[in-house]
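Here are a few notes to read alongside the model. Have a look at it first, then go through the points below.

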Amino acid sequence: TIYQAVQQAVHVGFSTRQSRKGEISSWKAYAPAHAGKLAIEAVDRAMRGEKSPSPIYEGEDSVIAWMLGGRGGDASSPGVSATRASQPHYDVPLPAPGEPCRAILDSYTKEHSAEYQAQAWIDLAFKLRQQIADLKTIREIVIHTSHHTHFVIGTGANDPQKSDPNASRETLDHSIMFIFAAALHTGFWHHVKSYASEVAKHPEVVALWKKITTREDAEWTRRYHSIDPKEKAFGGRVEIIFNDGNKLTDEIAVANAHPLGARPFARANYIHKFQSLTEELISADESQRFIQTAQRLGELKAGELGALNVVLPPNKLTCATRDERGIF
């Protein structure tokens, strides 16, 4: 049953990376939840006896052949082996029997509501603005960073939307040029206010934004891909060139909230982040109830797990109201 459910979920659950390119919509945030919804439905169908496309990964027209390295394997793609030219082959690292599952330790907390590659740059912008008396004296800003940052959220992405003040909130979230300019100008970062028109279309922010370019730096790319946690980096080096020719240069490897950062996140920071993100959505009582429940997770019995769902007031669910839009 599990085998059939997994194959069904994989078959229907693929989303391409286009959700993070060009004009980015809210679907970027919804795709993981949608995959989870499809997985639950696949389990239900499998429990009722429905079979699935098989084999879902190695099939001639299935996932590896069309969505990953191709039927012959592609050694240039991460994780793909070319050792089995006649068969689709893809290497997936798994923990050995009895080995602790530590992959969660490869993820890092976002202090700021923005793409993770921008976290360190927001912190650096806050630091540098204290050293610049007048932002209007800046002629150019060059961000030297990893391949990933340059080509995904930098000017290397070649997405004109990343330089458009009218772009969607999700697009701005993936523009290091906007993010660095806004953080440098305002000195704060907020999940709503930093993306509001008052910031995104502010003439001084836009002017600063247009002066920023990114460049790939081989050393920062190497550090980005390092498996040594003490060396792995998500930042880079910035050069701020002023109208008089003077330069201000600084660098940052990891965000302040990173375990090796200037102010590693602790439990109080997680609680504050939750309260900040939900302050206009749920009541103070509901916020406190959830926090108390989450903090005794290890003690919860099966019947109490439902308490980990945050309950929204009815008036906050207006987006789900049935109206003349849609089919049903």
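1. Start with Asp159, which sits in the loop between α5 (147-152) and α6 (169-172); helices (H or I, at least four residues) and strands (E, at least two) are DSSP runs, numbered from the N terminus. This is a predicted model, where local features need pLDDT of at least 70, side-chain atom pairs count only at pLDDT 80 or more, and totals for chains, interfaces and linings use all residues. Residues are numbered from 1 along each chain as its sequence is written, and side-chain values use heavy atoms, with hydrogens and water left out.

2. Is Asp159 buried or exposed? Asp159 is buried, at a relative accessible area of 12% (buried means under 20%, exposed over 50%, partly exposed in between; 1.4 Å probe, protein chains only).

3. Leaving aside neighbours within four places in sequence, Asp159 is in contact with Lys21 and Gly22 (contact means heavy atoms within 4.5 Å).

4. Now the sheet: four strands make an open, mixed sheet in the order β2-β1-β3-β4 (strands pair if DSSP finds at least two bridges between them). β2 (212-216) and β4 (247-252) are at the edges with a single partner strand each, so one side of each has no neighbour in the sheet.

5. β1 (residues 138-145) pairs with β2 in the parallel sense, over five bridges. Look for Val142, which stands opposite Thr213 in β2.
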